[in-house]
Amino acid sequence: MVNLVELYKKNVYGIMGTLIFHILLFGSFLMAEVNQKGEVKEEPIIIDFSQIEETPEPEEQPEENKEEENSPSDLSRSDFQPRSNRAVNEANKDPFFDEEYQREIENAQKLVSDVNKQLSKEIPDMEEFSMPEETTDGMDPDSIKNTFYSGESNIHYFLENRYHTRLPIPVYLAQGGGTITVDIWVDQSGRVKKAAVRENPNIKDQMLPVYAEQAAKRTYFNADNNSPTLQKGTITYTFVPQ
């Protein structure tokens, strides 16, 4: 026992060094084992495509079937309404298209319609109008007057040393009133070769000059070989509103 103690005392540092070495060695082994257990090895994943069946590609459908698919029956008709109609319907809902604006449009359309009707009216052929006439057949030339009265209307002409043999009366055709003077040129046989209406800004009925000119052209005077080739005169028509 004494020998062991002495041996221990002599070799205490060696024994302690040996113990420390083995403790460190054991600790290193222990750490290495922990590291080995903590590591996770990644293994490659292998997929076997040999067991997978190939799926055939879908056949292309006809255009008719596509249209049927694109137009399901549960959609409302409004979804298929043309865009132009939609624009009109939406415009009608705009406050700008109010009743007053619509009324102005209707008035403008009516005005255009009235103007078109006036422009489309055919100018009447005066040759188709018949007029009553004053004739002097069998009358004494000295008793023939150059003024003819028909109620409040009258016709007055001036052609020096000449008198009428046929005098058309247009005053019954007019609806408006006024006085129209027509310059005439009469040949030696008594026929009016030319007639020109004088302007009168006070005339409202634009048909009065037309009636007066036609009546003047239909007027006949007595023949006179001693008169000028074209003798100038006038015929004045006074129209009374009918």
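**Figure 1. Arg198 and its salt bridge to Asp183.** Arg198 is partly exposed, because its relative accessibility is 44% (buried means under 20% relative accessible area, exposed over 50%, partly exposed in between, with a 1.4 Å probe and protein chains only). The side chains of Arg198 and Asp183 form a salt bridge, at 2.8 Å from N to O (a side-chain nitrogen of Lys or Arg within 4 Å of a carboxyl oxygen of Asp or Glu). This pair joins distant parts of the chain, 15 residues apart: Arg198 belongs to the loop between β6 (192–197) and α6 (207–217), and Asp183 to strand β5 (residues 178–186). Asp183 is buried, with a relative accessible area of 11%. Helices (H or I, at least four residues) and strands (E, at least two) are DSSP runs, numbered from the N terminus. The model is predicted: local features need pLDDT of at least 70 and side-chain atom pairs count only at pLDDT 80 or more, while totals for chains, interfaces and linings use all residues. Residues are numbered from 1 along each chain as its sequence is written, and side-chain values use heavy atoms, with hydrogens and water left out.

**Figure 2. The salt bridge of Glu133 and Arg166.** The structure holds three salt bridges. In one of them, the side chains of Glu133 and Arg166 meet at 3.7 Å, N to O. Distant parts of the chain are linked by this pair, with Glu133 in strand β1 (residues 133–135) and Arg166 in strand β4 (residues 164–168), 33 residues apart. Glu133 counts as partly exposed at 38% relative accessibility, and Arg166 counts as partly exposed at 32%.

Figure 3. Lys217 pairs with Glu213 in a salt bridge whose closest N and O atoms are 3.4 Å apart. Both residues, Lys217 and Glu213, lie in helix α6, four residues apart, which is about one turn of the helix. Lys217 is partly exposed at 40% relative accessibility; Glu213 is partly exposed as well, with a relative accessible area of 25%.

**Figure 4. The aromatic pair of Tyr157 and Phe221.** Rings of Phe, Tyr and Trp (its six-membered ring) pair if their centres lie within 6.5 Å; planes under 30 degrees apart count as stacked, over 60 as edge-to-face and the rest as tilted. By this rule there are two aromatic pairs. The ring centres of Tyr157 and Phe221 are 5.4 Å apart and the planes stand at 75°, so this pair is edge-to-face. Tyr157 in strand β3 (residues 153–158) and Phe221 in strand β7 (residues 220–221) are 64 residues apart, and the pair links distant parts of the chain. Tyr157 is buried, at 2% relative accessible area, and Phe221 is buried at 3%.

**Figure 5. Lys194 over the ring of Trp185.** Lys194 lies over the face of Trp185, at 4.8 Å from the ring centre. A charge sits over a ring if NZ of Lys or CZ of Arg is within 6 Å of the ring centre and within 35 degrees of the ring normal.

**Figure 6. A nonpolar surface patch that includes Ile23.** Ile15, Leu19 and Ile23 make a nonpolar surface patch of about 290 Å² (Shrake-Rupley method, 1.4 Å probe; for residues, only the protein chains shown count as cover). Patches are made of residues with over 30% relative accessible area and no salt bridge: like charges are joined within 9 Å, nonpolar side chains (Val, Leu, Ile, Met, Phe, Trp, Tyr) within 5 Å. Ile23 is part of helix α2 (residues 12–38) and is exposed, with a relative accessible area of 58%.
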